[in-house]
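Dear colleague, please look through the structure below with the sequence beside it, and keep both open while you read. The points that follow are meant to be checked one at a time.

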Amino acid sequence: MNDFAVDVKSLVKEFGKTRVVDDVALQIPKGQVWGFLGPNGSGKTTTIRMLCGLLTPTQGSGTCLGLDIITEAEKIKLQTGYMTQKFSFWEDLSIRENLDFVSRMYNLPNRKAKVDDVIARLDLTQRQHQLAGDLSGGWKQRLALAAVTMHNPKLLLLDEPTAGVDPKARREFWDQIHELTNQGITILVSTHYMDEAERCDQIAYLAHGKLITQGTVRDVIAASNLTTYVSINKGVRQFASALKAEDDIENVSYFGAALHISSTNTVAIENVIKRAPFDSLDWQKITPSLEDVFISLMTSVGNDKRDYQ
Amino acid sequence: MNSLFRIWAILSKEMIQMRRDRMTFAMMVGVPIMQLILFGFAINNDPKGLPTAVFIEAPDQHSRTIVEGFKLSEYFDVVTAVSNYQQADDLFLKGEITFLLVIPADFTKKLVRQEMPQLLISADASDPAASSNAIAKASVIVSKALNHDFVGSLNFLKSTKPNVDVIIHPKYNPQGITQYNIVPGLLGVILTMTSVMITSMAMTREREKGNLENILAMPVKPFEVMVGKIAPYVLIGLIQTAIILSAASFLFEVPFLGSFMILNSAILIFLLANLCLGFTFSTIATTQMQAMQMTFFFFLPSLLLSGFMFPFRGMPQWAQLIGEMLPLTHFLRIVRGVMLKAADFSHLANEFYALIGFIVLIGIVAIARYRTTLD
Ligand SMILES: Nc1ncnc2c1ncn2[C@@H]1O[C@H](COP(=O)(O)OP(=O)(O)OP(=O)(O)O)[C@@H](O)[C@H]1O
Ligand SMILES: [Mg+2]
């Protein structure tokens, strides 16, 4: 046994000729929350599925909770909660029936009390006999999350658990996540929200199946070597297209009324803002935000060159 | 005009989807071909070559001639000779023969004396359609054959009038009531149809609705899923059985001569065979539509080649071979044997073994096909 809840290396998954996950290594210490980020189709879901034995890796090996992901998938499933990206509970069962089914599957003691408790915590007591299919999108997510945590897993793999969830519920969800990690649970959560990424102990960023960067938010930002300037002058937006045309500026993005420009080349970007017409604006150097970093990463990685069949 | 564009849009989308769904496409071509072959070649309303046993009490020239005549006839296929009635009864109960030809010891003596000797043909009439044509031809076959013998000193016996009294003894269903044959068979047909169809949806529904990923993420073994999915339908099958058997008894007054125990075990085993098959389909099909089509593709030959609609022994050899592979064929023999002939286990053992063999084979395929991953 080691202290990593997830310890995998050189994971590869190919569908036909397409290499969907390419040489991914992850070492997640016990009791941490890791954010799993990356553009659509980068292979997050596929990686998570390999971790919990739903897909067999084409290459690579590793352990989850000290159990081999290839030969001991059965045991991993007992101690892992996996929340699928697409709602996968039974829409033709009621909320209570779904939870009942899950608790039976894991043979949980005091089933009725446990289910009652989960329903009460979700604040769904009034609606417990409603069909799960009739719930709104956000409520489905909340039900699914409650269901996959029922058996007190030691490892939680959550695939975009907060997609479509309102801000208050999202806040509650993250409170719950941190509560769980305090109890020693390890969580890998994929998300497209930057504010959520910032709540994680560490983040791993995937692009085109490759792990591009990982570490704490601060490390990732520092490692990006990105220089970012912001301008909040009135009418700054009119300069956006001209700035985008500059080769030395890697990305330009709106943040409310402000405009962020970033580049890995500090000298080059400073030359640009000293030039007309951009020198008419007030530029201020800031620490790049995570979003700046990710957008610049996406740009530098380039287009997806994988071969799709 | 715009309407035309929209119709065209829908039409081309439909064509794309049709082309992509290979299974449906294959079915649209496969089903007519299968029907043509089955109806065109396999099925015969005038069944010929029915298996016949002969019992010759005192072999001599004339009895040999008669047997030879039967052998040459297209309706009777003399498969074996027996030396007593007990043997013949066993063969009847096992369903291995349709006819027994008995030539009594005093046949030749009476024949020469022109005393109209008797010739006995016992027929398995549990399926009246199977035996009727052959029976009608029996007298002609006998006189034709004997006429060859009537030369020289026996020339005087040659006549156009029948000189032998062919007595037909229809066993098991003497009045030839079709329902006696159809209603017990219907039990097998209904159980096949419903149980295969329902279970074939078992995994495909989970897959189509996206629940499969969830099931697979839980610590459940293929065997557990299979048993859990099949068990409820055993119960439903038993309810259907109760309904059909009650109707058979009260509505159609079909006799029930054999052992309830044997029939019940047969029903259980047969149900399991069908449920396993349905489950196997559901591990192969990717959509519920495909599962339905596979069920139908299986059901059609079951209906036609099992001996339910058309006499099994009247089909060509290759069709019988296919028929032997279908659980319904064996079940029909059991259910008809038990209800109409009071057959006991020793006569039906082979049918039981066939059903169990089918379960084992299909069960292995199902477990092998069941994927614990999404690959
Ligand atoms: N069963 C499959 N067969 C073929 N290709 C697949 C299969 N599953 C996934 N892919 C491909 O693998 C790539 C990665 O998919 P994956 O679902 O892991 O991405 P993701 O990072 O989760 O994306 P998103 O953020 O949109 O959820 C995609 O290009 C997808 O088309
Ligand atoms: Mg995904």
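The notes below take up the ligands, the aromatic side chains and a few single residues in turn.

1. Please keep in mind throughout that this is a predicted model, and that the values given here were computed from it.

2. I would begin with the magnesium ion, which is ligand 2 and is coordinated by OG1 of Thr45(A) and OE1 of Gln85(A), at 1.9 to 2.1 Å. This pair links distant parts of the chain, since Thr45(A) belongs to helix H1 (residues 44-51) of chain A, while Gln85(A) sits in the loop between strand E6 (80-83) and helix H3 (95-105) of chain A, 40 residues apart. Are these two residues buried or exposed, or something in between? Thr45(A) has a relative accessibility of 18% and therefore counts as buried, because buried means under 20%, whereas Gln85(A) is partly exposed, with a relative accessible area of 37%.

3. For Gly43(A), a backbone N or O atom lies 2.9 Å from an oxygen atom of ligand 1. For Thr45(A), a polar side-chain atom is 2.5 Å from an oxygen atom of the ligand, and for Glu160(A), a polar side-chain atom is 3.3 Å from one. How much of ligand 1 does the protein bury? Taken alone, ligand 1 exposes 640 Å², and the protein buries 66% of that.

4. The aromatic side chains deserve a careful look, as the structure holds 15 aromatic pairs over all chains. In one of them, the ring centres of Phe173(A) and Trp174(A) are 5.6 Å apart and the ring planes stand at 85°, so this pair is edge-to-face. Phe173(A) and Trp174(A) are both buried.

5. The rings of Phe279(B) and Tyr370(B) give another arrangement to examine: their centres are 6.4 Å apart and their planes are at 10°, so the pair is stacked. Because Phe279(B) lies in helix H11 (residues 260-284) of chain B and Tyr370(B) in the segment after helix H15 (345-369) of chain B, the pair ties together parts that are 91 residues apart in sequence. Phe279(B) and Tyr370(B) are both buried.

6. Chain A also has an aromatic cluster, formed by Phe87(A), Phe89(A), Trp90(A) and Phe101(A).

7. In chain B, Asn181(B) is found in helix H7 (residues 178-200) and, at 3% relative accessibility, counts as buried. What does the side chain of Asn181(B) make a polar contact with? Its partner is the side chain of Arg336(B), at 2.9 Å.

8. Lys48(B), which lies in the loop between helix H2 (22-42) and strand E1 (50-56) of chain B, is partly exposed at 31% relative accessibility; Lys48(B) and Glu74(B) are 26 residues apart along the chain, and their C-alpha atoms are separated by 5.8 Å. Val115(A) is in helix H4 (residues 111-122) of chain A and is buried, with a relative accessible area of 0%; Val115(A) and Leu180(A) are 65 residues apart in sequence and 18 Å apart in space, C-alpha to C-alpha.

9. Finally, I would ask you to check two backbone angles. Ser10(A), in strand E1 (residues 4-15) of chain A, has a phi near 45°, a positive value in a residue other than glycine, and Ser10(A) is partly exposed, with a relative accessible area of 32%. Glu253(B), in the loop between helix H10 (222-251) and H11 of chain B, has a phi near 50°, again positive in a residue other than glycine, and at 57% relative accessibility Glu253(B) counts as exposed.

Technical notes:
Residues are numbered from 1 along each chain as its sequence is written. Chains are lettered from A and ligands numbered from 1 in the order in which they are written. This is a predicted model: local features need pLDDT of at least 70, side-chain atom pairs count only at pLDDT 80 or more; totals for chains, interfaces and linings use all residues. Side-chain values use heavy atoms; hydrogens and water are left out. Rings of Phe, Tyr and Trp (its six-membered ring) pair if their centres lie within 6.5 Å; planes under 30 degrees apart count as stacked, over 60 as edge-to-face and the rest as tilted. Buried means under 20% relative accessible area, exposed over 50%, partly exposed in between (1.4 Å probe, protein chains only). Helices (H or I, at least four residues) and strands (E, at least two) are DSSP runs, numbered from the N terminus. Donors are N, O and S atoms within 2.8 Å of the metal (3.2 Å for Na, K and Ca); water is not among the atoms, so sites may look incomplete. A polar contact is a pair of N or O atoms within 3.5 Å; within protein, one must be able to donate a hydrogen and the other to accept it, and residues adjacent in sequence count only if both atoms are side-chain atoms. Accessible areas come from the Shrake-Rupley method with a 1.4 Å probe; for residues, only the protein chains shown count as cover.
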